[in-house]
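Trainee: I am new to this structure. Please show me how to read some of its features, one at a time.

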Amino acid sequence: MSLPTGALVLEPTADGSMTLFSEDFGEWFHSRDGAYAEAKATYVDATGLASLALAPTLTVLDVCYGLGYNTAAALATVAQVNPACQVRLVALELDARVPRQAVEAGLINGWPTAVQTCLRELAATGQVTRPGLAATLLWGDARQRIQDIEALGFQADVIFFDPFSPPHCPELWTVEFIEQVAACLHPQGRLVTYSAAAAVRAAFWLAGLSIGPVNAVGRRWPGTLAQVNPEGLMPLSLQEREHLLTRAAVPYRDPTLSASAEAIRQHRQQEQAASNLVPTSRWRKRWLPPYEKKLSPR
């Protein structure tokens, strides 16, 4: 993935926190309904991190660190429920400008002081080491960095999976990348993402994970919780299950973990055209009211 060069524009959200708009990807980094709220509800609460933090240790992988809000919500939660918990955190981020702009613009000031200090150090040096916390922020293409992490035998109790949407950033939603991420998930661990796209959920299945829906702040559709063992997951609705039987469920592919976004999109379109799966339009006609037919999960 090439480094983004477009502007990062400050945008307010409904809970009073700020986010950024990426001109390169044409998307906001967070839901406009609340950036801080999304980090806490969609990622920390959905994984049950507060309960997991009652253990002596907690290992977290934050895929697409961005402004650092998901990491911030996790660290704030651990400090609240069990300050004695030893946290090991690894985060991946392509664009170093994003966390640094979040710090410089004061966007992190709503988090506890100790958490702000961690975010500043991560943005500046990529490393925080102190009693109770060992955190590393790795820069670069996540497709390469995840291979380095997997080779070390890293096993996360919680994975926050938060790339830009599949149509805009297909490189990080492929079966091959998700397989690498899944290999870094502890057998009892939990991975969460805001996306309910059929292609994404199919990729999680192909990577050997079980999936269920979770609430996602500011989204018309639920997010997705994935784990090795299906126990405890909410079942998918009939609507969601039927979505996985349509051509929308043809996953993105990137066997070399190096293809361009356009090449990945074109290959998927070719596979969809040749697929025997039900046309997605038939699913939309059955399940979606007219005003939502263009808003199916991506």
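Mentor: Start where helix α6 begins: a side-chain oxygen of aspartate 141 comes to within 2.9 Å of the backbone nitrogen of arginine 143. Keep in mind that this is a predicted model.

Trainee: Which residues of helix α6 are buried?

Mentor: Helix α6 covers residues 142–151, and its buried residues are Ala142, Arg143, Ile146 and Ile149. Viewed down the axis of α6, these buried residues fall within an arc of 120°, so they line one face of the helix. The general idea is that an α-helix has 3.6 residues a turn, so residues three or four places apart point the same way.

Trainee: What do the buried residues of α6 pack against?

Mentor: They pack against the strands β4 (57–63), β5 (86–93) and β7 (133–139), and against α7 and α10 (261–274). After α6 comes glycine 153, which has a positive phi, near 75°.

Trainee: Now a strand. How many residues of β11 are buried?

Mentor: Strand β11 runs over residues 223–227, and five of its five residues are buried, which leaves the strand mostly covered. In general, the side chains of a regular strand alternate between the two faces of the sheet. In β11, Gly223, Leu225 and Gln227 point one way, while Thr224 and Ala226 point the other way, and all are buried.

Trainee: Which strands does β11 pair with?

Mentor: One is β9 (residues 185–193), which pairs with β11 in the antiparallel sense over three bridges. Threonine 193 has threonine 224 of β11 as its bridge partner. The other is β10 (residues 210–214), which runs antiparallel to β11 and is joined to it by five bridges. Here serine 210 has glutamine 227 of β11 as its bridge partner.

Trainee: Is glycine 212 buried or exposed?

Mentor: Glycine 212 is part of strand β10. Its relative accessibility is 0%, so glycine 212 counts as buried. Setting aside residues up to four places away in sequence, glycine 212 touches Gly223, Thr224, Leu225, Leu233, Met234 and Leu236. Between glycine 212 and serine 237 there are 9.2 Å in space, C-alpha to C-alpha, and the two are 25 residues apart in sequence.

Trainee: How should I read a pair of aromatic rings?

Mentor: A pair of aromatic rings is described by the distance of the centres and the angle of the planes. By the rule that ring centres lie within 6.5 Å, the count is twelve aromatic pairs. One of them is phenylalanine 25 with phenylalanine 164, a stacked pair at 4.4 Å centre to centre with 20° between the planes. Phenylalanine 25 is in the loop between β2 (18–22) and β3 (27–28), and phenylalanine 164 is in the loop between β8 (156–161) and α7 (175–183), so the pair ties together parts that are 139 residues apart in sequence. Phenylalanine 25 is buried at a relative accessible area of 15%, and phenylalanine 164 is buried at 13%.

Trainee: Why is the pair of tyrosine 36 and tryptophan 111 called stacked?

Mentor: The ring centres of tyrosine 36 and tryptophan 111 are 4.2 Å apart and the planes are at 25°, so the pair is stacked; the cut-off for stacked is under 30 degrees. Tyrosine 36 belongs to helix α1 (residues 35–45) and tryptophan 111 to the loop between α4 (97–104) and α5 (113–125), so parts that are 75 residues apart in sequence are tied together by the pair. Tyrosine 36 is buried, with a relative accessible area of 16%, and tryptophan 111 counts as buried at 10% relative accessibility.

Trainee: What else does tryptophan 111 touch?

Mentor: Leaving out residues up to four places away in sequence, tryptophan 111 touches Tyr36, Tyr69, Ala72, Ala73, Gln116 and Leu119. By contrast, tryptophan 111 and alanine 199 are 34 Å apart in space, C-alpha to C-alpha.

Trainee: Which rings form a cluster?

Mentor: Phe161, Trp173, Phe177, Tyr194 and Phe204 are linked into a cluster by ring pairs. A ring can also have a charge over it: the charged end of arginine 268 sits over the ring of tyrosine 252, 4.5 Å from its centre.

Trainee: Where is aspartate 162, and what does its side chain contact?

Mentor: Aspartate 162 is in the loop between β8 and α7, and it counts as buried at 14% relative accessibility. Its side chain makes a polar contact with the side chain of asparagine 70, at 3.1 Å. Apart from neighbours within four places in sequence, aspartate 162 is in contact with Tyr43, Val63, Cys64, Asn70 and Tyr194.

Terms used:
Residues are numbered from 1 along each chain as its sequence is written. This is a predicted model: local features need pLDDT of at least 70, side-chain atom pairs count only at pLDDT 80 or more; totals for chains, interfaces and linings use all residues. Side-chain values use heavy atoms; hydrogens and water are left out. Rings of Phe, Tyr and Trp (its six-membered ring) pair if their centres lie within 6.5 Å; planes under 30 degrees apart count as stacked, over 60 as edge-to-face and the rest as tilted. Helices (H or I, at least four residues) and strands (E, at least two) are DSSP runs, numbered from the N terminus. Buried means under 20% relative accessible area, exposed over 50%, partly exposed in between (1.4 Å probe, protein chains only). A charge sits over a ring if NZ of Lys or CZ of Arg is within 6 Å of the ring centre and within 35 degrees of the ring normal. A polar contact is a pair of N or O atoms within 3.5 Å; within protein, one must be able to donate a hydrogen and the other to accept it, and residues adjacent in sequence count only if both atoms are side-chain atoms. Contact means heavy atoms within 4.5 Å. The arc is that of the directions from the helix axis to the C-beta atoms. Two strands pair if DSSP finds at least two bridges between them.
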